[in-house]
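Dear colleague,

I am handing over the structure below, and after it I set out what was found, so that you can follow the text with the model open beside you.

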Amino acid sequence: MQNFTLFTAVHFGDNALSRLAKLQYKSVFIVADPFTVKSGLIGKITSPLDSANIKYTIYSDVVPDPSIQKVVAGVTALMTDKAPCIIAVGGGSAIDLTKCVRQFANKMEPTYFPRFIAIPTTSGTGSEVTSFAVITDTEKNVKHALLDDKLLPDEAILDVEMVKSVPASITADTGMDVLTHAIEAYVSKNANVFSDMYAKKATQICKDYLVRSYKFEETNDVEARAQMHVGSNLAGVAFNAVSLGLNHGMAHQLGAQFHIPHGRANAILLPAIISYNSDVTHQTHSMTEPTEIAKKYASLARRIGVGSYNDIASVKSLMGYIEELRVEMNVPRSIKEAAPDLSREEYMSKVVAMADAALEDRCTPSNPKEPNKLDIIRLFVEIYDHED
């Protein structure tokens, strides 16, 4: 038996932030990343709270790739405040930190479990609708992917006003994260008809709106930003139901070891992972019988308009489309390009340890093709200076 459950109420569309003025709480605890506070974007959150006479505390000790130490500090602050509602405002790091802070506060005091509202300021992680969180062990340089339904936000608010100021480079990175979420969910070992529906729609949104959203500073294309914000959420719903795969299992290690932004790491890996899973390379011209995984990638390629009647050609077209996206949005295509100060020797010295960690990552077991350590080592080596 399979199941598909939606836990989080999603508020979206024009003036979605007005939801905050309707909260029935006297106070809230806001976790916001420093940029949200310093840029004044936090005012879009506090204004409706002020109008409803709801008091708030703003906690902004948030960093990229939140560490265990930051979780401990956040728990201390929340337990001092004891607000009945906690609001996370920011990218995946702020939302993931809030997830962990809330859960560990509940472990300390089982009767305290504040309502949780997530308001993303990037269109990438989908963290506002997932039971996943990633925290970093800074001593061991390892990212831990946590999975627990108690990490799920109760509500998510998607308002395009929160993503209009995102720079082009971050739009590219986070958008490639959305695309990776959707593709990995679609071919996940656990995929089903419901997750496929969300994954296909998210992939189509990326095809239609990602580059347009990337060019927002030139065009002021609000529709593209709004669509990508929804697409990120839909991809989050898909992968929350069926998990991800080796792409994320490996990307987590690149972030932990070399601090390569998560979406960028996913983008570097994605064509290589599609090739590995499907057994199709750019040099493949025919197969006696394409694998079932190759057929599914081909189906997705046709769904977004880059495929053809031929499965092998469609998989190659999908990889080619991703490679073209990276060029058009100036996304690095190799580790060497993403981290020019990282020597080949230093990178290769970490490959075996990263392969071991990727095998243990919570995302890897749902990859459609079961990898072994040598497979992962080969892929890590391939992407160092791989050129399309």
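Ala-9 counts as partly exposed, because its relative accessibility is 35%, a value that lies between the limits of 20% for buried and 50% for exposed. Please keep in mind, here and below, that this is a predicted model. Ala-9 belongs to strand S1, which covers residues 9-12, and, leaving aside residues up to four places away in sequence, Ala-9 touches Asp-154, Glu-155 and Ala-156. Val-381 stands 372 residues from Ala-9 along the chain, and the C-alpha atoms of the two are separated by 42 Å.

As for the chain as a whole, the protein has 15 helices and 8 strands, and its C-alpha trace spans about 65 × 45 × 45 Å along the principal axes. The radius of gyration is 20 Å, which agrees with the value near 21 Å that a compact globule of 388 residues would have. Of these 388 residues, 56% are buried, while the chain exposes about 16200 Å², with carbon and sulfur atoms supplying 52% of that area. Taking the contacts between residues at least 6 apart in sequence, 77% join residues at least 24 apart. The chain carries 38 positive and 46 negative charges, and the mean positions of the two sets are 4 Å apart.

Met-329, if residues up to four places away in sequence are not counted, touches Ala-172, Met-176, Leu-210, Val-211 and Tyr-214.

Tyr-186 counts as buried because its relative accessibility is 5%, which is under the 20% limit. Not counting residues up to four places away in sequence, Tyr-186 touches Ala-191, Asp-196, Ala-199 and Lys-200, and also Lys-296, Ser-299 and Leu-300. Between Tyr-186 and Thr-171, which are 15 residues apart in sequence, the distance in space is 22 Å from C-alpha to C-alpha.

Asn-53 has a phi near 55°, a positive value in a residue other than glycine, and Asn-53 sits in the loop between helix H2 (43-51) and strand S3 (55-59). Asn-53 counts as exposed, because its relative accessibility is 68%. For Asn-330, too, phi is near 55°, again a positive value in a residue that is not glycine, and the place of Asn-330 is in the loop between H12 and helix H13 (335-338). With a relative accessible area of 62%, Asn-330 is exposed, since the limit for that class is over 50%.

With kind regards

Notes:
Residues numbered from 1 in each chain as written. Predicted model: local features only at pLDDT ≥ 70, side-chain atom pairs only at ≥ 80, totals over all residues. Heavy atoms only, no water. Helix = DSSP H or I, 4+ residues; strand = E, 2+ residues; numbered from the N terminus. Rg over C-alpha atoms; globule rule 2.2 N^0.38 Å. Buried < 20%, exposed > 50% of the residue type's maximum accessible area, 1.4 Å probe, protein only. Contact = heavy atoms within 4.5 Å. Areas by Shrake-Rupley, 256 points an atom, 1.4 Å probe, with all protein chains shown as cover. Lys, Arg positive; Asp, Glu negative; His and termini not counted. Charge placed at Lys NZ, Arg CZ, Asp CG, Glu CD.
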